[in-house]
Amino acid sequence: MCEEALCPNQGECFSRGTATFLILGDRCSRDCRFCSVAHGPSGPPDPEEPARVADAVREMGLYYVVITSVTRDDLADGGAGLFARTIREIRERTPETLVEVLVPDFQGDADALHEVLGARPDVLNHNLETVPRLYPSVRPEAVYRRSLELLERVEAYDPAIPTKSGLMLGLGESPEEIDRTLRDLREAGSSLLTLG
């Protein structure tokens with residue numbers, strides 16, 4: 001993911017034993033306005049991907065790994081099973097590696113989320129991305145309340161798993177909207193935040 005996205009922080013992250021991996025293919029089933037990932041029909045997930053990611057984590061000697069994905073609304077579980085298998089494969093090879101997962105909203109499917117949480121990630125991340133008013137133009141296929149509910153479900157399932165979210169700034173939101181969104185995140189139990 002780091003190289004494909006041409007992230008300017010690659011050197012810093014790699015030198016600290018951190019990297020991000022994109023799973024579930026290279027085509028997203030949604031078309032969010034802020035993202036340049038290709039979208040459209042995609043084939044079935046590669047069943048060997050979790051093992052390959054875990055092998056790469058071991059070979060790179062990573063201390064901290066973020067596993068993210070394209071959104072796969074075309075899959076019955078939204079890709080939750082592959083997330084869980086990837087976490088478990090990493091744990092088998094490098095149990096000392098911390099694993100954060102950055103998950104889609106799974107279309108509100110609590111069972112899919114619980115499958116990921118059952119694999120015991122160290123951090124569960126789900127980005128709100130923006131304030132509610134901008135969802136129709138920025139994230140037209142997402143639902144603000146559904147994303148907050150996902151974070152709340154993590155807290156209810158296991159309060160020991162920290163939740164994280166992220167917001168993009170500069171899309172036309174007001175300071176008051178940012179403040180309300182930050183309060184919503186806090187009320188949902190999110191303890192970590194990134195702003196970009």
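Helix α6 and helix α7 (residues 175-187) pack at an angle of about 35 degrees, with their axes 9 Å apart. Axes here are lines fitted to C-alpha atoms, for helices over the stretch in contact, and angles run from 0 to 180 degrees between N-to-C directions; helices (H or I, at least four residues) and strands (E, at least two) are DSSP runs, numbered from the N terminus. The contact, meaning heavy atoms within 4.5 Å, is made by Tyr144, Leu148 and Leu151 of α6 with Thr181, Asp184 and Leu185 of α7. By class, this contact of α6 with α7 has four nonpolar, one polar and one charged residues, where Ala, Val, Leu, Ile, Met, Phe, Trp, Tyr, Cys and Pro count as nonpolar, Asp, Glu, Lys and Arg as charged, and the others, Gly among them, as polar.

The model is a predicted one, in which local features need pLDDT of at least 70 and side-chain atom pairs count only at pLDDT 80 or more, whereas totals for chains, interfaces and linings use all residues. Residues are numbered from 1 along each chain as its sequence is written, and side-chain values use heavy atoms, with hydrogens and water left out.

Two glutamates belong to this part of the structure. Glu177, in helix α7, counts as buried at 18% relative accessibility, since buried means under 20% relative accessible area, exposed over 50% and partly exposed in between (1.4 Å probe, protein chains only). Not counting residues up to four places away in sequence, Glu177 touches Val131, Arg133 and Gly172. Glu149, in helix α6, is partly exposed, with a relative accessible area of 31%. Glu149 and Ala188 are 39 residues apart in sequence, yet their C-alpha atoms are 7.2 Å apart in space.

Helix α6 (residues 144-157) also packs against helix α4 (residues 110-118), at an angle of about 50 degrees and with the axes 11 Å apart. α4 and α6 are therefore oblique to each other, on a scale in which angles under 35 degrees count as roughly parallel, over 145 as roughly antiparallel, 65 to 115 as roughly perpendicular and the rest as oblique. The crossing of α4 and α6 is right-handed, a term for a near helix that is turned clockwise from the far one by less than a right angle, with anticlockwise giving left-handed. On the α4 side Ala110, Leu113, His114, Leu117 and Gly118 take part, and they meet Leu150, Arg153, Val154 and Tyr157 of α6. The residues of this contact divide into six nonpolar, two polar and one charged.

Helix α4 has a further partner in α3. The axes of α3 and α4 come within 8 Å and cross at roughly 5 degrees, and the two helices are therefore roughly parallel to each other. Ala80, Gly81, Phe83, Ala84, Ile87 and Arg88 of α3 meet Ala112, Glu115, Val116 and Gly118 of α4, a set that divides into six nonpolar, two polar and two charged residues.

Which residues of α4 are buried? They are Ala112, Leu113, Val116 and Leu117. They cover an arc of only 140 degrees around the axis, which puts them on the same side of α4; the arc is that of the directions from the helix axis to the C-beta atoms. An α-helix has 3.6 residues a turn, so residues three or four places apart point the same way. What covers the buried residues of α4 includes α3 (80-93), β3 (98-102), β4 (123-125) and α6.

Most residues other than glycine have a negative phi, and most peptide bonds are trans.

| Residue | Phi | Relative accessible area |
|---|---|---|
| Gln107 | about 55 degrees | 47%, partly exposed |
| Arg120 | about 65 degrees | 40%, partly exposed |

Another loop, between α2 (49-60) and β2 (64-69), contains Gly61, which is exposed with a relative accessible area of 54%. Gly61 and Thr94 are 33 residues apart in sequence and 8.6 Å apart in space, C-alpha to C-alpha.

For the protein chain as a whole, the secondary structure comes to seven helices and six strands, which follow the pattern α-β-α-β-α-β-α-β-α-α-β-α-β along the sequence. Of its 196 residues, 47% count as buried. Among contacts with a separation of 6 or more, 74% are accounted for by residues 24 or more positions apart.
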